[in-house]
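Subject: Structure handover

Hi,

My notes on it follow below.

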Amino acid sequence: ITPDSHIRVRQARKSDSKQIWEIRNHVLVRNQSGNSDLIQYSAHIDWFSKKYFSYSPHRCFVLEEKNNVIGYCRMDKIDEKTYEVSHAIKPGNHGRGFGSFLLSTAIHRLPKNSNFTAQIKKGNTASYLFFTKNKFVVTKTDETYYYVRYTHD
């Protein structure tokens with residue numbers, strides 16, 4: 001990603017809700033998600049607002065290209081030092097380095113010595129390779145998921 005690529009990472013705004021919902025509900029994203037159900041927009045708006053804009057410890061970052069949200073990285077705080085990562089790039093934008101750029105930038109905007117975890121559906125080879133390429137290590141597995149972790153020093 002070059003400085004002239006018009007790509008930036010920023011904290012999500014309420015006005016990003018629809019574009020994030022559209023990415024989350026895309027069939028390719030849903031198929032790899034822990035919850036593959038179609039989410040109604042009204043339910044998403046309410047959840048998104050409460051989760052990220054009500055004095056919450058959770059953070060949501062977006063990857064924006066020319067004023068269009070093309071990815072999101074949710075960092076949901078699960079304990080004092082740990083965030084659970086949920087990450088998606090809009091289909092059609094894969095393979096361009098956007099996911100790694102978004103994840104790395106989001107991690108560096110959170111406190112040092114934080115831990116980051118993610119659950120990856122078994123069979124989701126792309127996500128498995130993505131997280132391991134970005135220095136996450138597998139800490140355990142079960143019938144459904146790989147559990148990965150990274151510590152930001």
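The buried residues of α1 pack against α2 (27–32), α3, β2, β3 and β4. Contact here means heavy atoms within 4.5 Å. Helix α1 covers residues 17–25, and its buried residues are Ser17, Ile20, Trp21, Ile23, Arg24 and Asn25. Buried means under 20% relative accessible area, exposed over 50%, and partly exposed in between (1.4 Å probe, protein chains only). Helices (H or I, at least four residues) and strands (E, at least two) are DSSP runs, numbered from the N terminus.

Before you go on: this is a predicted model, where local features need pLDDT of at least 70 and side-chain atom pairs count only at pLDDT 80 or more, while totals for chains, interfaces and linings use all residues. Residues are numbered from 1 along each chain as its sequence is written, and side-chain values use heavy atoms, with hydrogens and water left out.

Now the sheet. It is open, has seven strands with mixed pairing, and runs in the order β1-β2-β3-β4-β5-β7-β6. Two strands pair if DSSP finds at least two bridges between them. β1 (7–11) and β6 (137–141) are the edges; each has a single partner strand, so one side of each lacks a neighbour in the sheet. The twist averages 25 degrees from one strand to the next. Axes are lines fitted to C-alpha atoms, for helices over the stretch in contact, and angles run from 0 to 180 degrees between N-to-C directions.

Pairings, strand by strand:

- β3 and β4 are antiparallel, with eight bridges. A hairpin of two residues links them. Arg74 sits opposite Ser86 in β4.
- β4 and β5 are parallel, with three bridges. Tyr83 is opposite Phe116 in β5. The chain gets from β4 to β5 through helix α4 (residues 98–108), in a right-handed β-α-β crossover. Right-handed means that, with the strands pointing away from the viewer, the path from the first strand over the helix to the second runs clockwise.
- β6 and β7 (residues 145–152) are antiparallel, with four bridges. Val137 has Arg149 in β7 as its bridge partner.

Helix α5 (residues 125–133) also packs on the sheet. It touches β4 (82–89), β5 (114–121), β6 and β7, and its direction makes about 160 degrees with that of β5.

Last, the cysteines. The whole structure has zero disulfides; the cut-off is a pair of cysteine sulfur atoms within 2.5 Å. Cys60 is buried at 2% relative accessibility, and Cys73 is buried at 0%.

Best wishes
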